Amino acid sequence: MRIGLLQLNPKVGDLPGNAARVEAAYARAATLGAELCLTPELALTGYPPRDMLLYAGFARAAWAQAQSLAERLHQKYPHGPALLLGCPEANATGRGKALFNAALWCEGGRIVRSFRKALLPTYDVFDEARYFEPGDASAGSGVVEYRGVTFGVTICEDLWNDKDYWPHRLYPVDPVEAAVAAGACALLNLSASPFSLRKQTLRQDMLATIAKKHGLPLAYCNQVGGNDELVFDGRSAIMGADGALRARAEGFAEDVLVAELFGPAAAPVKPEDLSAPAETWRALVLGTRDYLAKCGFKKALLGLSGGIDSAVVAAVAAEALGPQNVLGVLMPSPWSSAGSIDDSLELARNLGIATRTIPIEPLMQGFDTALAESFAALAPEKGPDTTEENVQSRIRGNLLMALSNKTGALLLTTGNKSELAVGYCTIYGDMSGGFALISDLPKTQVYALARHINTLKAPAIPPAIIDKAPSAELKPDQKDQDSLPPYEILDAILALHVEKERTAAEIVAAGYDADTVTRVCGLVKGAEFKRRQAAPGIKIAWRSFGSGWRMPLAAAALP
């Protein structure tokens, strides 16, 4: 039995376009000898469609598109393989949510039957119980016989609940066990499993464990591509009954994988670099490329400060969009060092991107003049402070947004996760923009990524940018560490607090300085209002600021 895994990059909501992608991949798989094809989860709508699913007309249009696709495939390929198609299905029972998250069995020009996802995740970025009614996980509901083989069909989360793999299960039932009990002799899974660091190692280990435990081959088809904050890394796979990896599709790229389900591997599976910098680079490039393309942008611009953050963002943008589609804007102030300007220009030359320079001293003087009387009347005891520093940042934000509006290029913000966590950023200033692509990278990881980029494209980022002490350069001789703990300490505390969900007391108990921890955790809480107004970014960590972060604003601090 040759299985075709149609690893697709859908655009959420583009029903005709996604159907065309399925059809093209199906045609290729059929040519390669596939006898049964799988798409990713909800391939027809793209994942996650979120509140588009609340519109009944959208769900009806998706079902009509699925019927039309089944008919069209049979007309063109009357002896072609059956297709398992991810698509929402109306709930006609009169009870519960309006839809099921379904896999549609398409054969002979029609939708023969559906398989409904039983386990609906409601953690982190997932909120499927908001839209879907869970399917029946009892024995027999998820099996089908086709060409002499009994298949057990599951959808994404249905695989992630094995009692022998997970020390703490989230659900009382296991659809895989139910399918095996009903006589399945092979397992199929349609997935939309998003990327995060170290997840691929966990995912492949889990697939291997399940296949080996039940002694059954397993075909797993995952979505690929960027949809808003989420990047899907693909890597669809076929696991042998012994748990060995038989075949794997490309990572971070569309692919059609056709392989024998029951036989040995046709060729050794190519190893991948799963180091954090390598994975991060691929995810950022794909996520940036897809976000702009799917939102209708062809060009991007960003401010070049001579610092590490804007250098990394520029390198990602040049790779994702082509250097001819990226503009770097230098906006020196009286406090900008000559080195920062020279480093920015060298970076731009290395990357091949265009630059423009707009000095901001005249604008700073204009603001000083305009505000002098009011400041003297309202706060006569105060001299220059962070207010004037924030004005500089907002001048730059206004200039960049003006260029974005005039040219139609999307403004990329350059803030990192460390800064966003503690509020070391200016709302309506350096936070201005439409996409914050490194907002889930702590500062220490930004440096690691910069070094990795230089192994790929040396010398893309000038060594001086990597070696210099980080500074916002909003006043003379300013350094980030004047206001923040060293990034190695800050990032370690943030990892425990934000990603590991540890309270300040627990972090102190782990050996960190109590005053530093108290201050950092207080800054995280105080910056919540800024994060609510931040541009979307790309999820890299297991726990990120974004749709999966749901902290209240008007609330007491955590203990």
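## A tour from pocket to strands

The residues that line the second largest pocket divide into 22 nonpolar, seven polar and 15 charged, where Ala, Val, Leu, Ile, Met, Phe, Trp, Tyr, Cys and Pro count as nonpolar, Asp, Glu, Lys and Arg as charged, and the others, Gly among them, as polar. The model is predicted, so local features need pLDDT of at least 70 and side-chain atom pairs count only at pLDDT 80 or more, whereas totals for chains, interfaces and linings use all residues. Residues are numbered from 1 along each chain as its sequence is written, and side-chain values use heavy atoms, with hydrogens and water left out.

**The pocket.** Select Asp124, Ser196, Leu202, Trp542 and Arg543, which lie nearest the centre of the second largest pocket among its 44 lining residues. A pocket here is an open set of points, on a 1 Å grid over the protein atoms alone, where a 1.4 Å probe fits and protein lies on both sides within 12 Å along at least five of seven lines; lining residues have an atom within 4 Å of a point. The volume of this pocket is about 1,100 Å³, a volume being the space filled by probe spheres set on the points, which are joined across faces, edges and corners. Now colour α4 (199-214), α10 (417-422), α11 (443-457) and α13 (487-499), the elements that give two or more residues to the lining of the second largest pocket. The largest share, five residues, comes from α13. Helices (H or I, at least four residues) and strands (E, at least two) are DSSP runs, numbered from the N terminus.

**Strand β8.** Next select β8 (residues 186-191), which is largely enclosed by the rest of the structure because six of its six residues are buried, that is, under 20% relative accessible area, with over 50% called exposed and values in between partly exposed (1.4 Å probe, protein chains only). Ala186, Leu188 and Leu190 point one way from β8, while Leu187, Asn189 and Ser191 point the other way. Strand β7 (residues 149-155) pairs with β8 in the parallel sense over five bridges, pairing being assigned if DSSP finds at least two bridges between two strands. Ala186 in β8 is the bridge partner of Phe151. From β7 the chain crosses through helix α3 (residues 175-181) to β8 in a right-handed β-α-β crossover, meaning that, with the strands pointing away from the viewer, the path from the first strand over the helix to the second runs clockwise. β8 also pairs in the parallel sense with strand β9 (residues 218-222), over five bridges, and Ser191 stands opposite Asn222 in β9. The crossover from β8 to β9 runs through α4 and is right-handed.

**Strand β16.** Move on to β16 (residues 326-330), where five of five residues are buried. Strand β15 (residues 300-303) pairs with β16 in the parallel sense over four bridges, with Leu302 opposite Gly328. β15, helix α6 (residues 308-321) and β16 make a right-handed β-α-β unit. Strand β17 (residues 354-357) likewise pairs with β16 in the parallel sense over four bridges, and Leu327 stands opposite Ala354 in β17. A right-handed β-α-β unit is made by β16, helix α7 (residues 338-351) and β17.

**The cysteines.** Finally, select Cys295, which at 41% relative accessibility counts as partly exposed, and Cys425, which at 11% counts as buried.
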